[in-house]
Amino acid sequence: MRSPRAPIAVHLYRTGANLIAPLAYRKVFDKLRAQGVSEARLPERMGKATKPRPNGDLLWFHAASVGESVSILRLVEYLGTAHSRLNFLITSGTATSAEIVAKRLPPRTIHQFAPLDSNKAMGRFLAHWNPSAAVFVESELWPQMISRTAALDVPMALVNARISDRSAKNWTRLASSARYLLSHFSMIHCQDERTVEHLRHLGLEHAKKGVNLKSLAGPLPFDAAVWDELKVQNADRPIWLAASTHPGEEEIALAAQKSLLAQNPKTLLFLVPRHPERGDEIEGLIAAKGLSAARRSRKEPITPETQIYLADTLGEMGLWYALNPITALFGSFSDVGGHNPYEPAYAGSAVLYGPNYANFEPTYSDLKQAGAGIEVANQAELAGKIQELLTSPEALSNIRRKARNFAKAQDNGLESFAEALSNALALR
């Protein structure tokens, strides 16, 4: 298959990316090393494989970070069952995604850090792994990664694509380049109609809306023994969860907790920052508010005096969602744009969220319509709604049931999506 001619902007990008590659390597190496990644794995970012390629067909999934990587695990597992001789490679760029994915790898699946987008790194990567087909997740679109893979006649799909209005304006300025890169995908699956419209405006008529992959991911796993242990430590206290907080949002959660403590001194808040490495900073905020905390990373137990349980660890979100009847899902009280509400909903946790959820707008709308989630405008409304639910067992039970039903209703889309992807990539 002959590839279309690359626009001048793509050529200029390639030249620049290749020139700055040594500096980029050093920067990402230093960052991964500081985050505790093994020295042995750092060369993966240069396209140097640290594991052998399995024999037979290999389906490569490329994702950016934690959310995108986790969203495909159930799909990979399903495809592995449907195609018993197919192997899988997942690449991502962050230490956090590598750590979490490593704990949940489906059978016949390997994880590697993604190669940087330079000519040499991509050449090494593709020469070693020689993928039979490739799937790019959401907006993780690197020009040389796409064009070098397409040049090998590897069937490619873009799944769960999402483009904001702001990004679409930038793409329009480089319409020919965007059209060139995205034309390499035989399947473009979008998670909302807005993205479909943006892509079709660029001339990509095969872009279609489909099920959001994050809705198919299923409930997050957790250690049942740890759940039992923490349940005993809670001693039936009223509890709630502030999930995936970002800078500026911890103050909102702590203020809400102080309001709740004024009404019931036994109330316990599980505070889970999006980035656990901020644990020391957040512990300082808690102390400044005059609240007492226990930290998960230090294995400190919950005592009757504990008012905040700072869960500053990785890979335990399934535990926190399963343990807490109420989840305040953050990222929606700042300009982050919200986080995936399917995860707490699958666990049967009532979902409360703020007004800023542009990244999941259709999903939050459906969640609210199903009676499975509640939008609150600010800290005062958040505290008020949590207090209302904690003191109304029947109302809380009702919304938890609706949340679980909302999530489970999405399961029906997994088989049809896997079949469509298999057909687009000619998987055997």
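Let's start with glutamine 112, which sits at 2% relative accessibility and therefore counts as buried, since buried means under 20%. Keep in mind that this is a predicted model. Glutamine 112 belongs to strand β3, which covers residues 109-113. What does glutamine 112 touch, once residues up to four places away in sequence are left out? Its contacts include a run of neighbours at Leu89, Ile90, Thr91 and Ser92. Glutamine 112 also touches Ala49, Thr50 and Lys51, along with Arg41, Glu44 and Trp129.

Next, have a look at the second largest pocket. Its volume comes to about 380 Å³. There are 18 residues lining this pocket, and Val28, Arg45, Leu116, Asp117 and Trp142 are the closest to its centre. Which helix gives the most to the lining of the second largest pocket? That's helix α1, residues 8-34, with six residues. Sort the lining by class and you get twelve nonpolar residues, plus three polar and three charged ones.

Now move along the chain to a pair of helices. Two packed helices can be described by the angle between their axes and the distance between those axes. Here, helix α6 (residues 165-173) packs against helix α7 (residues 175-182) at an angle of about 100°, and their axes are 5 Å apart. That angle is why α6 and α7 count as roughly perpendicular to each other. On the α6 side, the contact is made by Trp171, Thr172 and Arg173, while α7 brings in Ala175, Ala178 and Leu182. By class, the residues of this contact are four nonpolar, one polar and one charged.

Conventions:
Residues numbered from 1 in each chain as written. Predicted model: local features only at pLDDT ≥ 70, side-chain atom pairs only at ≥ 80, totals over all residues. Heavy atoms only, no water. Axes fitted to C-alpha atoms, helices over the stretch in contact; angles between N-to-C directions. Helix = DSSP H or I, 4+ residues; strand = E, 2+ residues; numbered from the N terminus. Parallel < 35°, antiparallel > 145°, perpendicular 65-115°, else oblique. Contact = heavy atoms within 4.5 Å. Nonpolar A, V, L, I, M, F, W, Y, C, P; charged D, E, K, R; others polar. 1 Å grid on protein atoms, 1.4 Å probe; cavity = no way out; pocket = protein on both sides within 12 Å on 5 of 7 lines; lining within 4 Å. Points joined across faces, edges and corners; volume = space filled by probe spheres on them. Buried < 20%, exposed > 50% of the residue type's maximum accessible area, 1.4 Å probe, protein only.
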